Amino acid sequence: MKCQKCTKQATLHITEIVGEDQFEELHLCEECANKYLYEPQQKALGQKAGEAGQAEESEEIQALNQRECPSCGIKFVEFRNSGRLGCPNDYQEFKEELTALLENIHGETRHCGKTPRRLPQNKQTQSELIQLRKQLNQAVTKEAYEEAASLRDRIRKLEEEDSPK
């Protein structure tokens, strides 16, 4: 996770209780955390100078935190506090916030990690079969029957190679 004040790696995660059921999370590198924690006069001055802007920001954050999933009723603030979503619909309901959060934490919004060493060809074959079946359905929908036939043949060939002998 990156620091919210600069581009370094965040090493300290501070949660301040702003009010009842209101929390402010800060993710800071060691340098920025020292400035934040040990220079309170700047923090107080900054709050007075930016009070008008913070009031608008606070209202937006409060509205976001009170937004809830129509399926399970979990509020975004509950997710922020527990780190757990209530149902699969929450991914769509809070998509914008979750995307930003994942990008901040992982630097990416889609998985690009390693695959297991065991049976890597099998996994690769399975993903290729899924891709080919999608292409086959599209070809049939477009009425491109020659293309569909060649895709069907490739699928059969992969399935034969993949099946135990």
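Phe 94 has a relative accessible area of 0% and is therefore buried (under 20% is buried, over 50% exposed, in between partly exposed, with a 1.4 Å probe and protein chains only). The model is predicted, so local features need pLDDT of at least 70 and side-chain atom pairs pLDDT 80 or more, while totals for chains, interfaces and linings use all residues. Residues are numbered from 1 along each chain as its sequence is written, and side-chain values use heavy atoms, without hydrogens and water.

The structure holds 2 aromatic pairs. Rings of Phe, Tyr and Trp (its six-membered ring) pair if their centres lie within 6.5 Å; planes under 30 degrees apart are stacked, over 60 edge-to-face, and the rest tilted.

| Pair | Centre to centre | Angle between planes | Type |
|---|---|---|---|
| Phe 76 and Phe 79 | 5.6 Å | 50° | tilted |
| Phe 76 and Phe 94 | 5.3 Å | 55° | tilted |

Helices are DSSP runs (H or I, at least four residues), numbered from the N terminus. Phe 76 and Phe 79 are 3 residues apart in helix H4, so about one helical turn separates them. Phe 76 is buried at 2% relative accessibility, and Phe 79 is buried at 9%. Together, Phe 76, Phe 79 and Phe 94 form one aromatic cluster.

Gln 66 belongs to helix H3 and is partly exposed, at 39%.

How values were computed
Helices (H or I, at least four residues) and strands (E, at least two) are DSSP runs, numbered from the N terminus.
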